[in-house]
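Me: I would like a close look at one part of this model, followed by an account of how the rest of the chain is laid out. Please keep it plain and give the cut-offs for the terms.

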Amino acid sequence: MPPSDLDKIAAIDDPYLLLRVATERLNAAQQEVTELARLRRRIIQELHARGMSYAQIAEKAGLSRGRIHQIRHTGPAPEGAFLGVGTVTVVTPLRHDAATGRSMVALDDMRAGKRLEDLARTFGLTVATDNVTIDGQIDLNRPGLLVICGPRMSDAMRQAYDADPVIRWDRDDTGWKLLDTRTGREYRSGSQLDPQQPTDSAFLGRLPRPDGNGSFLAIAGIHPNGSLGVIHLLASEIATLWGQVGDRRFSCVVGVEYDPQTGEPVRAELASPLYRHEDT
């Protein structure tokens, strides 16, 4: 009988290597348990939505009805998979601080990144962080990326947005705007209007990685208020979004209204249709 992973780890002679390997294996096992719990809960919800009673599900699965009810109410919510599985990486852009000459994350970007991190953790996801460099460099060919960055800050992100089949970024004398190529409708920031309004428009979508091996979630407001608004929307409507697009590619425009004094979003909703790219 071949040795198990536990046997192999226990056989390591170097105590420091054993400690590191055991810790890494434990972390991986904990992530696997989390995702299996999420999967069980999702399957029960899907079977019930198809018309099966919990008693029928229990009978077919060889489990008790009480166990099915317990699984249904415990473990991470299935909609957390909208953000990813296992480990996700929240990416925000670095900016140049003219006063110090150093790289920095702007307060609004930091606030958006932190809220997205907190949201991901509520679904049992492990969260890492990264930054788009000042010159716009970012490796998009990695799993689990949640990128808060628009096309102005990064050529890599601009090229990724250009791959979207429906929602496009554009710029004219007034400033940046989002264009729905299906309807021809333009979405702008309220700061571009006369008189100005405390509103913004933002992109939310899942875009293909440049290497074609997967996708990543992209969030970007015309101004930072828009990005905050998207995360505000995700916090309240992620289950609905998951039900509509799952983990497939999509894009939409989010309309955001914010408090002019604090910049905090007070309302966020889909301003455009939610386009599933497989349907385009």
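Which residues does serine 154 touch, not counting residues up to four places away in sequence?

Reply: Serine 154 touches Val132, Gly136, Ile138 and Cys149 when residues up to four places away in sequence are not counted; contact here means heavy atoms within 4.5 Å. This is a predicted model, in which local features need pLDDT of at least 70 and side-chain atom pairs count only at pLDDT 80 or more, while totals for chains, interfaces and linings use all residues. Residues are numbered from 1 along each chain as its sequence is written, and side-chain values use heavy atoms, with hydrogens and water left out.

Serine 154 sits in the loop between strand S5 (145-148) and helix H6 (155-162). Helices (H or I, at least four residues) and strands (E, at least two) are DSSP runs, numbered from the N terminus. With a relative accessible area of 2%, serine 154 is buried; the classes are buried under 20% relative accessible area, exposed over 50% and partly exposed in between, using a 1.4 Å probe and protein chains only. A polar atom of the serine 154 side chain lies 3.2 Å from the backbone nitrogen of alanine 156. A polar contact is a pair of N or O atoms within 3.5 Å; within protein, one must be able to donate a hydrogen and the other to accept it, and residues adjacent in sequence count only if both atoms are side-chain atoms.

Serine 227 belongs to helix H7 (residues 224-245) and is buried, at a relative accessible area of 7%. Its side chain reaches the backbone nitrogen of glycine 221 at 3.0 Å. Leaving aside neighbours within four places in sequence, serine 227 is in contact with Ile148, Ala202, Ile219, Ala220 and Gly221.

The chain as a whole has seven helices and 13 strands. Of its 280 residues, 41% count as buried, and its C-alpha atoms fill a box of roughly 70 × 55 × 35 Å along the principal axes. Among contacts between residues at least 6 apart in sequence, 61% join residues at least 24 apart.

Next, the helical part. UniProt (unreviewed entry) places a "coiled-coil region" at residues 19-46. In the model that span is 100% helix and 0% strand, with its end C-alpha atoms 41 Å apart. Leucine 19 lies in helix H2 (residues 15-49) and counts as exposed, at 56% relative accessibility. Its C-alpha is 9.1 Å from that of isoleucine 9, ten residues away in sequence.

The same record (unreviewed entry) gives "domain: RNA polymerase sigma-70 region" for residues 40-74. Over residues 40-74 the chain is 77% helix and 0% strand, and the end C-alpha atoms are 10 Å apart. UniProt positions are given in the numbering used here, feature names are shortened, and annotations may be inferred rather than shown by experiment.

Helix H3 (residues 54-61) and helix H4 (residues 65-73) have axes that come within 8 Å and cross at roughly 110°. That makes H3 roughly perpendicular to H4, a class that runs from 65 to 115 degrees, with angles under 35 counted as roughly parallel, over 145 as roughly antiparallel and the rest as oblique. Axes are lines fitted to C-alpha atoms, for helices over the stretch in contact, and angles run from 0 to 180 degrees between N-to-C directions. H3 contributes Tyr54, Ala55, Ile57 and Ala58 to the contact, and H4 contributes Arg65, Ile68, His69 and Arg72.

Alanine 81 is buried, with a relative accessible area of 14%. Not counting residues up to four places away in sequence, alanine 81 touches Arg38 and Trp242. Alanine 81 and arginine 38 are 43 residues apart in sequence but 8.5 Å apart in space, C-alpha to C-alpha.
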